[in-house]
Amino acid sequence: MKNTIKNLKRSLLVAAVTSAVAAPLTALADHSWGSYHWARNTSSFTLKVVDSVSAEWQNEMDDSLAKWGQSNYIDFAVVAADDSSRTRKRCAAVTGQMRVCNADYGRNGWAGLASIGLDSNGHIDQGTAKMNDSYGPYSPEFKNHVMCQEIGHVFGLGHTSEDGSSQKTCMDYSNDVNSQWPNSHDYQQLATIYGHLDNYNSYDDASGGSSPCKGKNCVSGIPPMGVRVRKSGKYEMWVAGRPDGGMWIHHVYLVDGHQDDHEGH
């Protein structure tokens, strides 16, 4: 009976997420990731960032934050720096914040992995962006592209295209050297996503910040991958439930040559 209930809950979770994201994207059309966004009761907000990247990725993270910070809706404040190898490998989520990491995560098929936690209202309340060093060394252009894209996912942005065509944005899946940073359409999309106010803040707006909790009932920490609900070309989407009624959703950026089915993350 317990397994039956668990499987039913999983099926309902998969169905809910799949229905929200299954429609293919048209190039340069609406490329929000479902309707996911950080809740906030002001027109703009400052997202706290935990810097867990090594020196090899520092410039790419700093440049990506600077580019995304040109939006009128999101700014950033790096509030902590912990780049020990153990911390980078764990890349634990922090409630109300975004953590950016790189590490040797193994030859499991992916180069980048963006994870968002949704509260019970469906708003993003934490996120991580991970870069996998196992397939490096990467070109400088690719490092900019994947870093910029994984961070963009944590805001609630999807892809501008999934067919390899270039829209000259880091949110496409092309090898165009001009697709390293956000373009004007990405900023317009953020304006659409964040063009309304919510009645609470799901980001960390307190002065002291938050710390990852421990234990099976936590909604922070290392997000479980759960089950795969979508696979399309160079990316996959995975979902897992949370004990508070929310969920974890993951965007997986596959490396070239690893578009075949695989389960390891």
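**Reading the fold from its values**

Visitor: What makes β8 mostly covered?

Guide: Eight of the eight residues of β8 are buried. The model is a predicted one, and a residue is called buried in it when its relative accessible area is under 20%.

Visitor: Which strands pair with β8, and in what sense?

Guide: Strand β4 (residues 110-118) pairs with β8 in the antiparallel sense over eight bridges. Strand β7 (residues 235-241) pairs with β8 in the antiparallel sense as well, over seven bridges. Individual partners can be named: Gly112 has Tyr253 as its bridge partner in β8, and Trp238 stands opposite His250. Five residues separate β7 from β8 in the hairpin that they form, and Gly245 in its turn has a positive phi of about 95°.

Visitor: Why are β2 and β6 said to stand at the edges of the sheet?

Guide: The open sheet consists of eight strands in the order β2-β1-β3-β5-β4-β8-β7-β6, with mixed pairing. Because β2 (74-81) and β6 (227-232) have a single partner strand each, one side of each is left without a neighbour in the sheet. On average, neighbouring strands are turned by 20° against each other, direction ignored.

Visitor: Where is the parallel sense found, and over how many bridges?

Guide: Strands β1 (residues 45-52) and β3 (residues 98-103) pair in the parallel sense over four bridges. Within β3, Met98 is the residue opposite Val49. Helix α2 (residues 55-68) packs on the sheet, where it touches β1, β2, β3 and β5 (124-132). The direction of α2 makes about 150° with that of β2.

Visitor: What makes Trp68 and Phe155 an edge-to-face aromatic pair?

Guide: Two values decide the matter. The ring centres of Trp68 and Phe155 are 5.5 Å apart, and a pair requires centres within 6.5 Å. The planes stand at 85°, and an angle over 60 degrees counts as edge-to-face. Trp68 belongs to helix α2 and Phe155 to helix α4 (residues 140-155), so the pair links parts of the chain 87 residues apart.

Visitor: How do you know that Trp68 and Phe155 are buried?

Guide: Trp68 has a relative accessible area of 0%, and Phe155 has one of 1%. Both values are under 20%, and therefore both residues are buried.

Visitor: Why is the pair of Tyr173 and Tyr253 called edge-to-face?

Guide: The planes of Tyr173 and Tyr253 are at 80° and the ring centres 4.6 Å apart, so the pair is edge-to-face. Tyr173 lies in the loop between α4 and α5 (184-193) and Tyr253 in strand β8 (residues 247-254), so parts 80 residues apart in sequence are tied together. Both tyrosines are buried. They also belong to one aromatic cluster, together with Trp57, Tyr138, Phe142 and Tyr235.

Visitor: How do you know that Lys143 lies over the face of Trp57?

Guide: Lys143 is 4.9 Å from the ring centre of Trp57, and the distance cut-off is 6 Å. In a second case, Lys130 lies over the face of Tyr105, at 4.6 Å from the ring centre.

Visitor: What makes the phi of Cys91 and of Lys168 worth noting?

Guide: Most residues other than glycine have a negative phi. Cys91 has a positive phi near 50°, and Lys168 has a positive phi of about 55°. Cys91 is in the loop between α3 (85-90) and β3, whereas Lys168 is in the loop between α4 and α5.

Visitor: Which peptide bond is cis, and where does Pro137 lie?

Guide: The bond from Gly136 to Pro137 is cis, with omega near 5°. Pro137 lies in the loop between β5 and α4.

Key. Residues are numbered from 1 along each chain as its sequence is written. This is a predicted model: local features need pLDDT of at least 70, side-chain atom pairs count only at pLDDT 80 or more; totals for chains, interfaces and linings use all residues. Side-chain values use heavy atoms; hydrogens and water are left out. Two strands pair if DSSP finds at least two bridges between them. Helices (H or I, at least four residues) and strands (E, at least two) are DSSP runs, numbered from the N terminus. Axes are lines fitted to C-alpha atoms, for helices over the stretch in contact, and angles run from 0 to 180 degrees between N-to-C directions. Contact means heavy atoms within 4.5 Å. Rings of Phe, Tyr and Trp (its six-membered ring) pair if their centres lie within 6.5 Å; planes under 30 degrees apart count as stacked, over 60 as edge-to-face and the rest as tilted. Buried means under 20% relative accessible area, exposed over 50%, partly exposed in between (1.4 Å probe, protein chains only). A charge sits over a ring if NZ of Lys or CZ of Arg is within 6 Å of the ring centre and within 35 degrees of the ring normal.
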